[in-house]
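Student: I would like to learn how to read a structure such as this one, feature by feature. Could you take me through it slowly, giving the general idea before each case?

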Amino acid sequence: RHLKGLRRRALLPKNLQAYFDSTLIEKSPNSSFEQAGWIKMRGKSIYGFKLFLMIDIATKTLLYVRFTTIDQADATELIPAVETLHRLGFRLTRLGFDRGFWSGDNFKFLQRKKITFFTVLKNYQQEHRELIAQVNSRTSGRQCLKPGVWITEIEPIHLNTYFTTKTLRCIVVRQKGCAPWAVITNDTQLSKTEIIQFYDHRNLVEKAIEELKNDYAIQKLPRKAFLENTAYILLTLWSFNLMVDYKLSVLQEKHT
């Protein structure tokens, strides 16, 4: 109802551009939280829960929130999140997400719904590593995005395991002192600079998550029961949206 109210007051547009991400809420292994569990990421074992967030890029409004057990797969959450927004009367036009949300069903769903997506290319696959590595300073189409950062759009690629019927645009990013990486998208309108700038909105989500964990203290779950902690998370994140509402309405008035 609050999201619908924001839209009625023209604080949220009907057509949205968003970023979808997940974060871990880490707890002590000695705690007695219901349904807390273990997951291993990047060689580190983490105990706790998982939180999924979809954020509107223009306003930083939280559009979708789900508090789950830590073993919930990222890829299974994307379609329900988008469908929830559509049921609320919104239309998602552009969506950014990371590699954890890759699946053939997700790509086909977004293509079918005519949603342009932006995601980072999985470079741990041999063919992708070789593709990125072959782009250098002599590759045609190289463009300086900012000092020390160059981008190059290469030939469209296939994701053989996930998306065999369509080609995707691929923009390789090389930054001085860092390993090269690439963004892929089904967008056909934006320039390569605009594509990289859109994907860079992942920093917005990371800052929002940091704010939620530090200023809103969502990692300090107050109860042992899973459902009670879910209610705490939802109410806390609703208060985040109320503050966004306040900034978009009251603080924008000239006399305030």
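Student: Is Asp 105 buried or exposed?

Tutor: The general idea is a scale of relative accessible area, on which buried means under 20%, exposed means over 50%, and partly exposed lies in between, with a 1.4 Å probe and protein chains only. Asp 105 has 57% relative accessibility and so counts as exposed. Asp 105 lies in helix H3, where helices (H or I, at least four residues) and strands (E, at least two) are DSSP runs, numbered from the N terminus. The C-alpha atoms of Asp 105 and Thr 76 are 9.2 Å apart, while 29 residues separate the two along the chain.

Student: What should I keep in mind about the model itself?

Tutor: This is a predicted model, in which local features need pLDDT of at least 70 and side-chain atom pairs count only at pLDDT 80 or more, whereas totals for chains, interfaces and linings use all residues. Residues are numbered from 1 along each chain as its sequence is written, and side-chain values use heavy atoms, with hydrogens and water left out.

Student: Which residues of H3 are buried, and what covers them?

Tutor: In helix H3, which spans residues 104–112, the buried residues are Gly 104, Asn 106, Phe 107, Phe 109 and Leu 110. Their cover includes H2, strand S5 (91–97), strand S6 (116–120), S8 and S9. After H3 comes Lys 114, which has a positive phi near 60°.

Student: How do I read the buried side of a helix, and which residues of H4 are buried?

Tutor: An α-helix has 3.6 residues a turn, so residues three or four places apart point the same way. In helix H4 (residues 126–133), His 128, Leu 131 and Ile 132 are the buried residues. They cover an arc of only 95° around the axis, and therefore they lie on the same side of H4; this arc is that of the directions from the helix axis to the C-beta atoms. The buried residues of H4 pack against strand S8 (149–159), strand S9 (163–175) and strand S10 (181–185).

Student: Where does Ile 70 lie, and which residues does it touch?

Tutor: A contact means heavy atoms within 4.5 Å. Ile 70 is in the loop between strand S4 (62–69) and helix H2 (78–87), and it is buried, with a relative accessible area of 3%. Leaving aside residues up to four places away in sequence, Ile 70 touches several residues, among them Leu 24, Trp 38, Ile 46, Tyr 47 and Phe 49. The C-alpha atoms of Ile 70 and Ala 36 are separated by 7.0 Å, although these residues are 34 apart along the chain.

Student: Which residues does Ile 46 touch in turn?

Tutor: Again not counting residues up to four places away in sequence, Ile 46 touches Leu 24, Glu 26, Gly 37, Trp 38, Ile 39 and Ile 70. Ile 46 has its place in strand S3 and is buried, with a relative accessible area of 11%. Glu 194 is partly exposed, its relative accessible area being 39%.

Student: What can I learn from the phi of Gln 35 and Lys 60?

Tutor: Gln 35 is not a glycine, yet its phi is positive, about 65°; it lies in the loop between strand S1 (15–26) and strand S2 (37–41), and is partly exposed, with a relative accessible area of 49%. Lys 60, also not a glycine, has a positive phi of about 70° and is found in the loop between strand S3 (44–56) and S4. Its relative accessibility is 23%, so Lys 60 counts as partly exposed.
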